[in-house]
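Hi,

Here is the structure I said I'd pass along.

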Amino acid sequence: ALSILAGKVSAQDTLPAPDGWYKLRYMSRIGTLHAFWTDPELKDTIDRVTRRLERANKLPNHFALVDVVNCPLANAYAVTGGWIKLCLPLVAGIESEDELAFVISHEMAHVLLDHVSRFRDPSFPVYSLPDEIDADALGLRMSVMAGYSPDASEIFLSKSLSQAQSLNQKAAASDLDLRWKRVYAQIQWHYQLLSDIKTFTE
């Protein structure tokens with residue numbers, strides 16, 4: 001599991017606000033109501049994964065900024081300016097760097113697919129099921145491009161589905177079940193493609 005040190009919640013920090021993309025991000029960050037979780041080891045891991053995803057997918061360096069925030073739900077949000085918020089309960093349930101990469105790349109996909117721009121208040125987006133399916137598909141491709149295991153996406157969504165079922169969240173469970181099936185099919189296609197390439201080159 002990822003390392004999370006207790007007692008590290010602190011007030012938000014402030015950063016310079018250059019023009020354009022980074023200014024939008026800055027305004028979103030300073031407006032958040034959530035406290036930032038400042039575990040240096042966890043932050044280093046998240047930053048390393050984020051930079052790796054950016055390089056592998058030919059995105060600008062620091063296209064995304066990922067923070068862990070002290071919010072009550074196991075959720076993640078991508079908002080204006082490429083700022084990604086990971087809620088602490090969600091991070092606590094992540095058991096590998098590959099899972100973390102899928103979660104971050106999924107949120108990056110929401111930004112790349114311009115899902116955020118539809119919301120009157122982009123600080124609290126609520127994505128449709130088609131949006132989530134599209135972000136799963138693109139996020140999975142992005143994480144695989146960076147060398148992470150495709151299986152992590154299926155593992156993460158399976159755990160999310162089990163949690164929704166245990167809490168009797170029927171609508172969420174129904175959506176997660178469909179997302180899991182789509183991702184599972186995408187993973188099988190990926191492995192079949194690799195098998196075909198291996199056979200062709202032997």
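This is a predicted model: local features need pLDDT of at least 70, side-chain atom pairs count only at pLDDT 80 or more; totals for chains, interfaces and linings use all residues.

Leucine 59 comes out at 17% relative accessibility, so it counts as buried, the cut-off being under 20%. You'll find leucine 59 in the loop between α2 (40-56) and β3 (65-69). Setting aside neighbours within four places in sequence, leucine 59 is in contact with Glu54, Met108, Leu112 and Met142. Leucine 112 is 53 residues away from leucine 59 along the chain, yet their C-alpha atoms are separated by 10.0 Å.

Next, the aromatics. Searching the whole structure turns up three aromatic pairs. In one of them, the ring centres of phenylalanine 36 and tryptophan 83 are 6.2 Å apart with the planes at 15 degrees, so this pair is stacked. Phenylalanine 36 is in strand β2 and tryptophan 83 in strand β5, so the pair ties together parts 47 residues apart in sequence. Both count as buried: phenylalanine 36 has 4% relative accessibility, and tryptophan 83 has 1%.

Two charges over rings are worth a look as well. The charged end of arginine 52 sits over the ring of tyrosine 148, 3.9 Å from the centre, while lysine 85 lies over the face of tyrosine 77, at 5.4 Å from the ring centre.

Finally, the largest pocket: its volume is about 1,000 Å³, and 33 residues line it, with Ala74, Asn75, Ala76, Leu176 and Arg179 nearest the centre. Helix α6 gives the largest share of that lining, six residues. By type, the lining has 20 nonpolar, eight polar and five charged residues.

Cheers

Methods:
Residues are numbered from 1 along each chain as its sequence is written. Side-chain values use heavy atoms; hydrogens and water are left out. On a 1 Å grid over the protein atoms alone, a cavity is a set of points where a 1.4 Å probe fits but cannot get out, and a pocket is an open set with protein on both sides within 12 Å along at least five of seven lines; lining residues have an atom within 4 Å of a point. Grid points are joined across faces, edges and corners, and a volume is the space filled by probe spheres set on the points. Helices (H or I, at least four residues) and strands (E, at least two) are DSSP runs, numbered from the N terminus. Ala, Val, Leu, Ile, Met, Phe, Trp, Tyr, Cys and Pro count as nonpolar, Asp, Glu, Lys and Arg as charged, and the others, Gly among them, as polar. Buried means under 20% relative accessible area, exposed over 50%, partly exposed in between (1.4 Å probe, protein chains only). Contact means heavy atoms within 4.5 Å. Rings of Phe, Tyr and Trp (its six-membered ring) pair if their centres lie within 6.5 Å; planes under 30 degrees apart count as stacked, over 60 as edge-to-face and the rest as tilted. A charge sits over a ring if NZ of Lys or CZ of Arg is within 6 Å of the ring centre and within 35 degrees of the ring normal.
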